[in-house]
Amino acid sequence: MRTQVVIIGAGPSGLLLGQLLSRSGIDNVILERQSAEHVLSRIRAGVLEQGTVDLLRQAGVSERLEHEGQVHHGVEFAIDGKRERLDLHELLDGRCVTVYGQTEVTRDLMAARKASGGITLYHASAVQPHEIAGESPYVTCQIAGESVRIDCDYIAGCDGFHGVSRQAIPAGVLTEYERVYPFGWLGLLSDTPPASEELIYASHARGFALCSMRSATRSRYYLQVDAGDAVENWSDERFWEELKARLPEETAAQLVTGPSLEKSIAPLRSYVVEPMQYGRLFLVGDAAHIVPPTGAKGLNLALGDVRNLHLLLERAYRTGNPSCLERYSELCLKRIWAAVRFSWWMTTALHRFPDTDAFTQRVQDAEWRALLDSRAGRTTIAENYVGLPFPALD
């Protein structure tokens, strides 16, 4: 089999890249080691930046998003029991965020892939890129027990942190940067109305909490827990009690509780690898960078990488000159590090660390007041939360 671009991974980044390439007339094949049902079962983020929404519109997959996505003109912070709202729409001349689950984004992209006739090979095992430093790369895998070889021009590694793409790059080429946080997020999904019309990020002496949602009737809540904690330690009753304790009194009083549909603990870390390319292999999304979910940047950063790679591949094929692809890492990394900084700051400013002393805590409290009492400070938070602009190719 031969194609122009092999995409490893059929999550939202791989599917969006396939969609954009197909619309540009660039042939591609997607390989996924799991089933389509398994990919759709993943519970992930749901806050889309303005640029991400615009990109999905450009890709022609925004019809359901336009009807079902919840446009949020603001976001709230609860600092020591007091709620403060940032009016994103007013501060940023109409820019805002949209709440629409990653699962739904993936579902829309799968439907578009099927409608276009694009090839997605699920249950692909033993996937391995070859000859990535040369001019004739290829990928091998096993499909239904049969060995398959796909020759191509380029390979896009959209297969996540534990995927094979980054591991295919020779030792010594990549530089890794990492920060592991001493806590995780315990998340609970429930068929209950959200605590508020907009997200609430709460900083409390007992730890961080987040009130989010997937729809007008389905809520997603998070609690900061110790890194070594286990879901089994948290009954629904204990979760709701602890959440109420970390929220302002009036918010806790209005909170509607109910049985959990899903509970899980996610560890928090920051991770970036440089460069994001080697030869004809390009790393996309979680294969190259991880951010704590505090800033709602993970999916948005991944789709930003997709946007850059698509435009560069489109130019390379249109002009017949692939030299522009050498700029992929440079284009991605400036925006990535800006998001890593914001996610690190949000995590540091909202969570309680085991080694935080009284002085550090008072400085942290003073920093929040300095930011929230200033239009410039509020605008800085809003700009980063809604998402920094995509880089220009030239």
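Which residue in strand 7 does leucine 48 stand opposite? The views below start with that pairing, and please keep in mind that the model is predicted.

**View 1. A three-stranded open sheet with the order 3-7-4.** Here leucine 48 stands opposite threonine 98 in strand 7. Strand 3 and strand 7 (residues 97-99) pair in the antiparallel sense, over two bridges. At its edges are strand 3 (47-48) and strand 4 (70-72), each of which pairs on one side only.

**View 2. Strand 12, with both faces covered.** Look along residues 154-157: Tyr154 and Ala156 are buried on one side, and Ile155 and Gly157 are buried on the other. Strand 12 pairs with strand 1 (residues 5-8) in the parallel sense, over four bridges. It also pairs with strand 19 (residues 281-283), again in the parallel sense, over three bridges.

View 3. Helix 4 (63-68) and helix 6 (102-116) each supply at least two residues of the lining. Helix 6 gives the most, with three residues. Sorted by class, the lining of the second largest pocket holds six charged, four polar and four nonpolar residues.

Terms used
Residues numbered from 1 in each chain as written. Predicted model: local features only at pLDDT ≥ 70, side-chain atom pairs only at ≥ 80, totals over all residues. Heavy atoms only, no water. Nonpolar A, V, L, I, M, F, W, Y, C, P; charged D, E, K, R; others polar. Pairing = 2+ DSSP bridges. Buried < 20%, exposed > 50% of the residue type's maximum accessible area, 1.4 Å probe, protein only.
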